[in-house]
Amino acid sequence: METNHRRSRTGCMNCRAIRTKCDELKPKCRRCMNRGVVCKGYVRKLRWVGEALPTIAATRKQRSDLVVQKQQAEIKTGYVSTRLQNLKLLSTVTPLDALDRALVEHWMMMTLQLVSLDPAATYYLGQMYDDLTSKDESLTLRAMLSNSAAHLLTLGRVPESTFVLLQQQAFTAMRCSLKKLVAESSMLFSNRMPIHSLHMPFSSLDDDAIVGSLLLIDDEIIRPDNCYSAVRVQFLLQGTYSLVAERHKYFECPCPRPHPARSEPHYKLDSPLFQSSVSFLAWADIMSCVPCARPPILDKRYWLEGAIKTSRENARKLQPNNDLGYCAQVLSLLGDCTTAVHSLYTQIISEEEFTQMGSYLHQQLDQAMADLPEPKEASIDTPIQGLIGVSKATMVEGHNACIAAAICHGLATQIFLLRATDHERESPQVTTLCDRLFSSLRQLSANHSVVTISLWPLWVLGCESHGGVDNSTKEFVVMFLEAVFKRQCMKNVERCLITLREEVWTLDPSSTDQVCEKPPVPQSAWVWHCYNQGIRLLLA
């Protein structure tokens, strides 16, 4: 007999089988632990002279068969949705290895089923995301893998080391993209470009760079750490905003040189993925402005007009915006309200000026809610064309749910605006708005993807849920948030409930007419308390 050795004489059996370098850590090697597989140890397998060695193709096929067997077992337990099986996205993701393919498949399920507001758009979005992942050195792919690992870690299906490794790889890819942008910018500003040459955009301004940078924020939504870093989210928001602004500058450039990339799909301003990314950027930006009020980062001119126009056009087809639903106008006004509250608390404006601004914004919110589309009856014979596997009843249900969610956002923002200065517990105006908000939230189902955009109204209602004989409102908020977390398994939902219990419901429920700078702080002054304590959540 003889012993055949390939690359490593003392590596573990798994690393030797797939011909990768083993760190030879005992009793289990680190590479096996990172891959989430059982290390088979370091026993040498003896082979008779003349026995054929396994080929690389056979080894890869063996690994692929194991993944397929695992996926088939998951399908039997309902882990992979029927909608995802119909999309057949797994077969189009190439040339990734088995682990990457499984993570991409999970990302598609997580995004297109759990958080997508327009079921008719899932098929086409899946195809567009698939195109981005097939690009060489795709930042979007790295961010997707990190998102999936974060979610699977919450579900207890991958070790933390896998998530940490993939997140580091995603941030490394982003840094490489930014370095390339800086290098190209330096060349441009040093006048090295010929006067009569073509004006090409920076390579870091295509859909892949913008989508990938934005997806890195999802890690903070899915699994924020115990010491939630607002600085990290602010950095990612500001970085993505800079890319969006630079892309607009390219299309607005007045120089006489030809701009051929203006007609390329991955650089156009009306690219579906770019528009979706800008909508989500606006959403994540403004949702990070509450409950600790601050002005938004993203300029409205980059998203508001287009979002409102698209929302009105799609409402006729019962197709809400996939990221914003019908909340575009209300969301914009929430950004105005956080700016006003921040200006009041930093003494940029007086209380009299804030009262005037608040009255105007209150009226604008009323108008925005009045301009929402009309709900439809489930039995209405509405013609729907070009949709794949989506029933009329599903479209009507999603349409009505997004209208109710937009109304909830409008009411919650009005309460937030009033509570900035009105700290009377039984304030008649606030009580009326809370009753309407409670009634509107009860129309939403925790099993519908519309709950993705409903955390802000739930937070506000929770802040207005005082202790006492009637705890029905607080019980509703707790049960709803627990049901949402059970469905989505995203830690920002759990953190929302924990913060309510630890930071808001521990406040003094008694009434006061003025802000208390020393304990006990009344619960009705929760807007001031969140600002004063710097309570930051990502309610996206």
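Author: A crossing of two helices is called left-handed if the near helix is turned anticlockwise from the far one by less than a right angle, and right-handed if clockwise. The model discussed here is a predicted one.

Reader: Is the crossing in which H5 passes H6 left-handed or right-handed?

Author: Two packed helices are described by the angle between their axes and the distance between the axes. Here helix H5, residues 98-115, and helix H6, residues 122-133, pack with their axes 11 Å apart and at an angle of about 140°. The crossing of H5 past H6 is right-handed.

Reader: Which word describes how H5 and H6 are set to each other?

Author: The angle between H5 and H6 is about 140°. Angles over 145 degrees count as roughly antiparallel and those from 65 to 115 as roughly perpendicular, while those under 35 count as roughly parallel and the rest as oblique. The two helices, H5 and H6, are therefore oblique.

Reader: By class, how many nonpolar, polar and charged residues make the contact of H5 with H6?

Author: On the H5 side the contact is made by Trp107, Met108 and Leu112, and on the H6 side by Thr122, Leu125, Gly126, Tyr129 and Asp130. Sorted by class, the contact of H5 with H6 comes to five nonpolar, two polar and one charged residues.

Reader: How many residues apart in sequence are the parts tied together by Asp207 and Arg247?

Author: Side chains of opposite charge can pair when their charged atoms come close. The side chains of Asp207 and Arg247 meet in a salt bridge at 2.9 Å, N to O, and both Asp207 and Arg247 are buried. Asp207 lies in helix H9, residues 207-215, and Arg247 in helix H11, residues 230-252, so the parts that this pair ties together are separated in sequence by 40 residues.

Reader: Are Glu252 and Arg301 buried, partly exposed or exposed?

Author: The side chains of these two residues, Glu252 and Arg301, form a salt bridge of 3.6 Å, N to O. The pair links distant parts of the chain, 49 residues apart, with Glu252 in helix H11 and Arg301 in the loop between helix H12 and helix H13. Residues over 50% relative accessible area count as exposed, those under 20% as buried and those in between as partly exposed. Because the relative accessibility of Glu252 is 47% and that of Arg301 is 52%, Glu252 is partly exposed and Arg301 is exposed.

Reader: Where do Glu464 and Arg419 lie?

Author: The side chains of Glu464 and Arg419 meet in a salt bridge of 2.8 Å, N to O, and both residues, Glu464 and Arg419, are buried. The pair links distant parts of the chain, 45 residues apart, with Glu464 in the loop between helix H18 and helix H19 and Arg419 in helix H16.

Reader: How many salt bridges does the structure hold?

Author: Salt bridges also link Lys135, Asp206 and Asp208 in a network. For the structure, the number of salt bridges comes to 14.

Reader: What is the relative accessibility of Gln347, which has a positive phi?

Author: Gln347 is not a glycine, yet its phi is positive at about 65°, and the residue lies in the loop between helix H14 and helix H15. Glu24 likewise is not a glycine and has a positive phi, of about 60°; its place is in the loop between helix H1 and helix H2, and it is partly exposed, with a relative accessible area of 34%. Gln347 counts as exposed, because its relative accessibility is 70%.

Reader: How far apart in space are Gly36 and Val158, C-alpha to C-alpha?

Author: Gly36 is found in the loop between H2 and helix H3, and at 53% relative accessibility it counts as exposed. In sequence, Gly36 and Val158 are 122 residues apart, while in space their C-alpha to C-alpha distance is 6.4 Å.

Reader: Which residues does His362 touch, not counting those up to four places away in sequence?

Author: His362 is found in helix H15 and is buried, with a relative accessible area of 16%. Not counting residues up to four places away in sequence, His362 touches Gln414, Leu417, Leu418, Gln429 and Leu433.

Note on methods
Residues numbered from 1 in each chain as written. Predicted model: local features only at pLDDT ≥ 70, side-chain atom pairs only at ≥ 80, totals over all residues. Heavy atoms only, no water. Axes fitted to C-alpha atoms, helices over the stretch in contact; angles between N-to-C directions. Helix = DSSP H or I, 4+ residues; strand = E, 2+ residues; numbered from the N terminus. Contact = heavy atoms within 4.5 Å. Nonpolar A, V, L, I, M, F, W, Y, C, P; charged D, E, K, R; others polar. Salt bridge = Lys/Arg side-chain N within 4 Å of Asp/Glu carboxyl O. Buried < 20%, exposed > 50% of the residue type's maximum accessible area, 1.4 Å probe, protein only.
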